[in-house]
Amino acid sequence: MKTFRNAEFVFSEKFTPEMLFDRLKDGVARLNNNYKGREIEVTMMRFGGTITYSFKDDPNSDASFGSMSLHPIVTTIYNINNFKTE
């Protein structure tokens, strides 16, 4: 998860949030092969523009031991004529 810290994802038709979800599930499946305990499960939730991927080892619990939330980045310049850089 540390490799994703402060990462910027640009989604398009070629790379969707669902494709990232599939890649995360594949990575977790590889971890589960080496993990000596309960299997880890990845879930995806969308809410108000935010996408959250949660990692759980107990499907009967709402608690997760890790999560990654992606928030949209919006940049707007309201008045380009008065925009100055110094």
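In what order do the 3 strands form an open sheet, and is the pairing parallel or antiparallel? In this predicted model, the order is 1-2-3 and the pairing is antiparallel. Strand 1 and strand 3 (66-70) are the edge strands, each pairing on one side only. From one strand to the next, the twist averages 15 degrees.

The sheet belongs to a protein whose secondary structure amounts to 1 helix and 3 strands. Along the sequence these elements follow the pattern α-β-β-β. Strands of a sheet pair through backbone hydrogen bonds, in either a parallel or an antiparallel manner. Between strand 2 (residues 50-56) and strand 3, which run antiparallel, there are 5 bridges. Within this part of the sheet, Ser 54 stands opposite Ser 67 of strand 3.

The helix is placed against the sheet. Helix 1 lies across strand 1, strand 2 and strand 3, and its direction makes an angle of about 160 degrees with strand 1.

Side chains of opposite charge can pair when their charged atoms come close. The structure holds 2 salt bridges. In one of them, Glu 18 pairs with Arg 46, and the closest N and O atoms are 2.7 Å apart. This pair links distant parts of the chain, since Glu 18 lies in helix 1 (residues 17-34) and Arg 46 in strand 1 (residues 41-47), 28 residues apart. Glu 18 is partly exposed, with a relative accessible area of 35%, and Arg 46 is likewise partly exposed, at 47%.

Lys 25 forms a salt bridge with Asp 22, with 3.6 Å between the closest N and O atoms. Why can these two residues be described as about one helical turn apart? They are separated in this way because they lie 3 residues apart in helix 1. Lys 25 counts as partly exposed, at 36% relative accessibility. Asp 22 is also partly exposed, its relative accessible area being 39%.

Some totals describe the protein as a whole. Of its 86 residues, 22% are buried, a class that requires a relative accessible area under 20%. Among contacts with a separation of 6 or more, 25% are between residues 24 or more positions apart. The accessible surface comes to about 7500 Å², and carbon and sulfur atoms account for 50% of that area.

Notes: Residues numbered from 1 in each chain as written. Predicted model: local features only at pLDDT ≥ 70, side-chain atom pairs only at ≥ 80, totals over all residues. Heavy atoms only, no water. Salt bridge = Lys/Arg side-chain N within 4 Å of Asp/Glu carboxyl O. Helix = DSSP H or I, 4+ residues; strand = E, 2+ residues; numbered from the N terminus. Buried < 20%, exposed > 50% of the residue type's maximum accessible area, 1.4 Å probe, protein only. Pairing = 2+ DSSP bridges. Axes fitted to C-alpha atoms, helices over the stretch in contact; angles between N-to-C directions. Contact = heavy atoms within 4.5 Å. Areas by Shrake-Rupley, 256 points an atom, 1.4 Å probe, with all protein chains shown as cover.
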